[in-house]
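Subject: Structure handover

Hi,

Here is the structure you are taking over. Please open it alongside this email.

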Amino acid sequence: MTSPRAEQVLQVAVVGGGITGLCAGWHAARKWGADAVRVLEAGEGPGGTTRSDREGGYILDWGPNGFLDREPATLEWLEALGAAALLRRADESAAKRYILRHGKLHRVAGPPAFFLSPLLSPRGRLRVCCEPLVPARRDHTGESIHNFARRRIGREAAETLVGPMVSGVFGGDARQLSLEHCFPRMAEMERVHGGLFRALLAKRKTNPKASPVGPSGTLTTLENGIGQLPEIAAEALGGAFSPRSPVRKIAPSGGEYQVSCENGDVWRARNVVVACPAYAAAPMLAETAPGAADALNAIPYAGMAVVCAGYKRDRVAHPLDGFGFLVPRDGSLRMLGCLWTSSIFPHQAPADGVLLRTMLGGATDPNVLSLTDTELVELVAGELNPLLGITGQPDLLRVFRHPRGIPQYTLGHGSRLEALERCEAEHPGLVFAGNAYRGVGLNDCVLSARRAVDRLRA
């Protein structure tokens with residue numbers, strides 16, 4: 001029997017209650033009123049993998065640990081939610097970043113220190129210096145991140161510097177990911193300026209502090225972890241947020257859309273924002289838009305495991321003076337890297353404790369998720385303890401698993417986006433938003449949500 005809710009016609013139904021869905025729902029509610037909007041979330045609560053637990057004085061992020069404070073749209077949303085006073089920016093020491101090579105942690109530094117760093121061999125450093133001499137490529141269609149880096153700065157730097165960065169951001173394989181979709185700004189640097197060094201010099205004319213080492217902006221979280229953001233956003237939505245409402249099907253119906261949930265609820269809506277993961281959206285649209293469903297199914301995801309460990313400070317010999325370190329995929333260690341969370345955000349650990357977050361898995365090691373929690377903890381201890389001089393047992397241990405954690409913009413991603421754009425054109429009022437399309441970070445999710453709602457307004 002049809003749910004009584006089918007009698008109400010929503011202005012906007014948002015499918016998915018992660019950051020994207022919550023942000024889209026909030027903007028839609030501000031435009032059309034909360035009664036005209038519903039955010040339908042399959043799980044028990046908001047946030048998806050953007051959640052945080054508080055335990056024993058530690059703050060444990062399930063997935064992402066923050067956002068870069070360079071995006072005005074995110075800061076404006078936080079201000080409107082009344083959350084600006086809760087923001088906590090990373091400690092200045094977190095600017096230091098390390099890469100493991102030959103069994104040692106080496107700080108990643110820009111010039112002139114880079115030219116003396118043993119992170120790369122003398123030949124590898126010389127090859128990087130030749131980057132301005134490499135002819136520019138204007139069309140990056142079909143070029144992987146690895147091929148781009150190898151072409152411009154050499155194989156050694158591509159594998160030692162760029163490969164770990166890709167693992168840290170996407171949990172991905174640089175040889176499989178598309179440059180133009182993962183790092184469009186990097187492709188633009190070559191197109192506009194002819195090379196990376198030339199682009200940096202041009203940027204420093206307007207910003208003398210521009211760095212070649214990492215992205216601009218300061219990593220930022222909230223007082224109780226980044227998971228506090230979806231909690232606040234869901235509270236602001238009030239009754240417009242509907243947990244435990246897994247959507248089964250989205251179908252056109254008389255100039256509107258019928259959104260059917262597995263719990264029996266049926267919603268009618270003039271517009272639908274599909275903000276859930278691509279693999280979850282595909283079966284909802286299998287009948288309505290089979291071409292879009294195929295494109296959604298073709299977007300792969302990398303599984304991730306995160307091991308959080310809290311120690312008394314005197315059990316860790318390393319000074320932990322930085323953000324943490326990444327590990328090249330050279331077979332030396334299995335972990336992707338380790339974040340020194342208590343150095344980045346001191347408020348996330350007790351005064352006498354340290355908190356370490358170790359990442360494993362990704363596209364280059366999918367089998368890691370077949371390990372038990374005990375095996376994951378033992379693996380991390382075996383690799384991490386000698387590096388950081390850790391002795392004794394941790395006071396706290398948590399393992400978070402994300403079997404399909406991070407979408408992968410592999411080669412051919414552009415054709416998938418085109419298929420989704422065709423679907424949007426053929427089905428006015430149906431729009432896609434989320435981290436599976438044009439950026440995996442929290443800022444990207446906010447921008448995606450705003451674009452979706454702006455498109456409905458137009």
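Below is what was found in it, region by region.

First, a caution. This is a predicted model. Please keep that in mind throughout.

R97 has G324 in strand 15 as its bridge partner.

**E156 in helix 5**

Helix 5 also holds E156. Is E156 buried or exposed? Its relative accessibility is 15%, so E156 counts as buried. The cut-off for buried is under 20%. Leaving out residues up to four places away in sequence, E156 touches R101, L120, S121 and G124. R125 is 31 residues from E156 in sequence, with 8.9 Å between their C-alpha atoms.

**The nonpolar cores**

The largest nonpolar core has 41 residues. Which of them touch the most other members? The answer is I145 and I344. Several elements give two or more residues to this core, among them strand 4 (58-61), helix 4 (145-153), helix 6 (179-182) and strand 17 (353-361). Helix 5 gives the most, with five residues.

I344 is worth a click. Leaving out residues up to four places away in sequence, its contacts are N65, A90, D91, A94, L219, G322, F323 and L339.

There is also a second, separate core of 38 residues. It includes I19, C445, V446 and L456.

**Helix 2 against helix 15**

V446 turns up again where helix 2 meets helix 15. Helix 2 covers residues 72-80, and helix 15 covers residues 442-457. Their axes lie 8 Å apart, and the packing angle is about 80 degrees. That makes helix 2 roughly perpendicular to helix 15. On the helix 2 side, the contact is made by A73, T74, E76 and W77. Helix 15 contributes L442, N443, V446, L447 and R450. By class, the contact has five nonpolar, two polar and two charged residues.

**Around strand 13**

Now go to strand 13 (residues 266-274). Seven of its nine residues are buried, so strand 13 is largely enclosed by the rest of the structure. Which way does each of its pairings run?

- Strand 1 (residues 9-15) is parallel to strand 13, joined by six bridges. V15 stands opposite V274.
- Strand 19 (residues 430-432) also pairs with strand 13 in the parallel sense, over three bridges. Here V274 stands opposite F432.
- Strand 12 (residues 256-261) pairs with strand 13 in the antiparallel sense, over four bridges. W267 is the bridge partner of V259.

Strand 12 and strand 13 form a hairpin, with four residues between them. In its turn, G264 has a positive phi of about 100 degrees.

Strand 12 is part of another hairpin, with strand 11. Two residues lie between these strands, and G254 in the turn has a positive phi of about 60 degrees. Strand 11 (residues 247-253) and strand 12 run antiparallel, joined by six bridges. S253 stands opposite E256.

The order is 5-9-6, with antiparallel pairing. Which strands are at the edges? They are strand 5 (67-68) and strand 6 (87-89), and each pairs on one side only. Strand 6 is joined to strand 9 (residues 219-222) by three bridges. R89 in this sheet stands opposite T220 of strand 9.

That is the handover.

Best wishes

Definitions and conventions: Residues are numbered from 1 along each chain as its sequence is written. This is a predicted model: local features need pLDDT of at least 70, side-chain atom pairs count only at pLDDT 80 or more; totals for chains, interfaces and linings use all residues. Side-chain values use heavy atoms; hydrogens and water are left out. Axes are lines fitted to C-alpha atoms, for helices over the stretch in contact, and angles run from 0 to 180 degrees between N-to-C directions. Angles under 35 degrees count as roughly parallel, over 145 as roughly antiparallel, 65 to 115 as roughly perpendicular and the rest as oblique. Contact means heavy atoms within 4.5 Å. Ala, Val, Leu, Ile, Met, Phe, Trp, Tyr, Cys and Pro count as nonpolar, Asp, Glu, Lys and Arg as charged, and the others, Gly among them, as polar. A nonpolar core is a set of buried Ala, Val, Leu, Ile, Met, Phe, Trp, Tyr and Cys residues joined through side-chain atoms within 4.5 Å. Buried means under 20% relative accessible area, exposed over 50%, partly exposed in between (1.4 Å probe, protein chains only). Two strands pair if DSSP finds at least two bridges between them.
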